[in-house]
Amino acid sequence: MQNILFIVNAPPYGSELSLSAMRLALALAGKEENKPQITVFLMSDATVMALPNQQHASGNTMQEMIETLVELGGVVKLCRTCVQSRGLLDLPLIEGCSVGNLGELADYTLAADKVLTF
């Protein structure tokens with residue numbers, strides 16, 4: 001099984017980078033054949049994606065995408081330093097998301113067959 005790591009830095013709003021990252025992660029996680037292990041590591045302003053109950057003008061929500069990815073076996077981690085610096089550490093996260101650290105990101109990177117950054 002391939003391990004694919006997504007490192008997402010872009011904010012969920014104002015750019016389509018985070019949306020593109022999640023769309024590709026979901027497309028890969030939904031593969032029936034040769035299904036890879038997907039890990040999404042949210043850094044910088046992308047950490048805001050893991051806060052529940054946000055509504056995008058299009059009607060789609062990052063929460064739905066993240067929940068689907070988790071249901072498909074994906075892992076979603078947030079950078080602890082990034083979360084702390086944005087005052088998000090004590091806020092509830094979307095179910096299935098958890099706070100990680102740079103050491104974990106280093107481990108995910110070494111274990112990955114592919115690393116994609118957005």
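How many bridges pair strand E3 with E4, and in which sense, parallel or antiparallel? Strand E3 (residues 75-79) pairs with E4 over four bridges, in the parallel sense. Helices (H or I, at least four residues) and strands (E, at least two) are taken here as DSSP runs and numbered from the N terminus, and two strands pair if DSSP finds at least two bridges between them. The model is a predicted one, with local features needing pLDDT of at least 70 and side-chain atom pairs counting only at pLDDT 80 or more, while totals for chains, interfaces and linings use all residues. Residues are numbered from 1 along each chain as its sequence is written, and side-chain values use heavy atoms, with hydrogens and water left out.

The pairing of E3 with E4 belongs to an open sheet of five strands, ordered E4-E3-E2-E1-E5 with parallel pairing. At the edges sit strand E4 (97-100) and E5, each of which pairs on one side only. From one strand to the next, the twist averages 25 degrees; axes are lines fitted to C-alpha atoms, for helices over the stretch in contact, and angles run from 0 to 180 degrees between N-to-C directions. E2 is mostly covered, since five of its six residues are buried (buried means under 20% relative accessible area, exposed over 50%, partly exposed in between, with a 1.4 Å probe and protein chains only).

Now for the helices. Helix H1 (residues 17-29) lies across E1, strand E2 (37-42) and E5, running at about 165 degrees to E1. Helix H4 (residues 102-111) lies across E1, E2, E3, E4 and E5, at about 135 degrees to E1. H1 also packs with helix H2 (residues 62-71), at an angle of about 30 degrees and with the axes 10 Å apart. That makes H1 roughly parallel to H2 (angles under 35 degrees count as roughly parallel, over 145 as roughly antiparallel, 65 to 115 as roughly perpendicular and the rest as oblique). Their contact (heavy atoms within 4.5 Å) involves Ser18, Leu19, Met22, Arg23, Ala25, Leu26 and Ala29 from H1, together with Met62, Met65, Ile66, Thr68 and Leu69 from H2.

As for aromatic rings, the structure holds one pair. Phe6 and Phe118 are stacked, at 6.0 Å centre to centre and with 15 degrees between the planes. Rings of Phe, Tyr and Trp (its six-membered ring) pair if their centres lie within 6.5 Å, and planes under 30 degrees apart count as stacked, over 60 as edge-to-face and the rest as tilted. Phe6 lies in strand E1 (residues 3-8) and Phe118 in the segment after strand E5 (114-117), so the pair ties together parts that are 112 residues apart in sequence. Phe6 is buried at 0% relative accessibility, whereas Phe118 is partly exposed at 23% relative accessible area.

Most residues other than glycine have a negative phi. Ser44, however, has a positive phi near 50 degrees, and Asn53 has a positive phi of about 70 degrees although it is not a glycine. Ser44 is found in the loop between E2 and H2, and Asn53 lies in the loop between E2 and H2 too. Ser44 is partly exposed, with a relative accessible area of 26%, while Asn53 counts as exposed at 70% relative accessibility.
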